[in-house]
Amino acid sequence: MAFYNKVGSLMRQTISQTTISSGNVTGSSMFNAFRAMSTKLFIGGLSYQTDDHSLKEAFSGFGEVVEARVITDRESGRSRGFGFVNYTSDDCAKEAMAAMDGQELNGRSIRVSFATERAPRTGGFSGGGGGYNRNYGDAEAGNERF
């Protein structure tokens with residue numbers, strides 16, 4: 001919910017600060033509104049030896065790091081090869097992205113980009129809700145439903 005509140009307030013600021021022609025705001029100003037709030041970076045291509053502390057250490061030279069987190073597998077606890085670094089300001093995030101993208105960290109070339117919001121999950125492999133299907137087997141039992 002906080003994300004949507006932030007987007008709404010940034011959009012209102014952008015609309016009030018830009019020239020509105022015939023009631024429409026240009027797409028580039030909307031894009032800039034979303035980019036202005038990007039303080040979270042996605043870091044891909046991490047080695048399995050990289051942990052939260054070493055990730056934070058590598059990125060702290062560009063500004064104050066709020067959080068650095070390497071994503072791990074739930075069952076094995078092993079790194080999944082990517083993580084996120086969150087800065088206090090978007091300027092620090094932009095500087096870190098420009099400087100660190102393509103650089104080597106713990107023997108691996110890393111990819112750095114702005115993190116994007118993940119689309120809501122729909123559940124199941126086929127997009128269904130899963131769960132119990134009460135109609136399953138009714139045809140074999142002679143209880144067809146029409």
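Q: In what order do the strands of the open sheet come?
A: Start by finding the strands (strands are DSSP runs of E, at least two residues; helices are runs of H or I, at least four; both are numbered from the N terminus). Two strands pair if DSSP finds at least two bridges between them. Here, 4 strands make an open sheet, in the order β2-β3-β1-β6, and the pairing is antiparallel. The edge strands, β2 (65-72) and β6 (111-114), each pair on one side only. From one strand to the next, the twist averages 20 degrees (axes are lines fitted to C-alpha atoms, for helices over the stretch in contact, and angles between N-to-C directions run from 0 to 180 degrees).

Q: What should I know about the model before reading on?
A: It's a predicted model, where local features need pLDDT of at least 70, side-chain atom pairs count only at pLDDT 80 or more, and totals for chains, interfaces and linings use all residues. Residues are numbered from 1 along each chain as its sequence is written, and side-chain values use heavy atoms, with hydrogens and water left out.

Q: What pLDDT does the protein chain average?
A: Think of pLDDT as the predictor's confidence in each residue, from 0 to 100. The average for this chain is 76, and 58% of the residues score at least 70. Take care with residues 11-36: pLDDT stays under 50 there, and the model has 14 contacts beyond four places in sequence for that stretch (contact means heavy atoms within 4.5 Å).

Q: How many helices and strands are in the chain?
A: You can count 4 helices and 6 strands. Walk from the N terminus and the elements run α-α-β-α-β-β-α-β-β-β.

Q: Which strands does helix α3 lie across?
A: Look at residues 52-59: that's helix α3, lying across β1, β2, β3 (79-87) and β6. Its direction is at about 135 degrees to β2. Helix α4 (residues 90-100) also packs on the sheet, touching β1, β3 and β6, and makes about 155 degrees with the direction of β6.

Q: Is Thr50 buried or exposed?
A: Compare relative accessible area with the cut-offs: under 20% is buried, over 50% is exposed, and in between is partly exposed (1.4 Å probe, protein chains only). Thr50 has a relative accessible area of 3%, so it is buried. You'll find Thr50 in the loop between β1 and α3.

Q: Which side chain makes a polar contact with Thr50 at 2.8 Å?
A: A polar contact is a pair of N or O atoms within 3.5 Å; within protein, one must be able to donate a hydrogen and the other to accept it, and residues adjacent in sequence count only if both atoms are side-chain atoms. The Thr50 side chain has such a contact of 2.8 Å with the side chain of Asn106, and another of 3.1 Å with that of Ser47. Beyond neighbours within four places in sequence, Thr50 is in contact with Leu55, Val70, Leu105 and Asn106.

Q: Where is Lys40, and in which strand?
A: Lys40 belongs to strand β1 (residues 40-44). With 38% relative accessibility, Lys40 counts as partly exposed. Apart from neighbours within four places in sequence, the contacts of Lys40 include Phe84, Val85 and Ser113.

Q: Why does Gly107 count as exposed?
A: Gly107 counts as exposed because its relative accessibility is 54%. Gly107 sits in the loop between β4 (104-105) and β5 (108-109). Although Gly107 and Gln49 are 58 residues apart along the chain, their C-alpha atoms are separated by 9.5 Å.

Q: What percentage of the residues count as buried in the whole chain?
A: Of the 146 residues, 26% count as buried. As for contacts between residues at least 6 apart in sequence, 57% join residues at least 24 apart.
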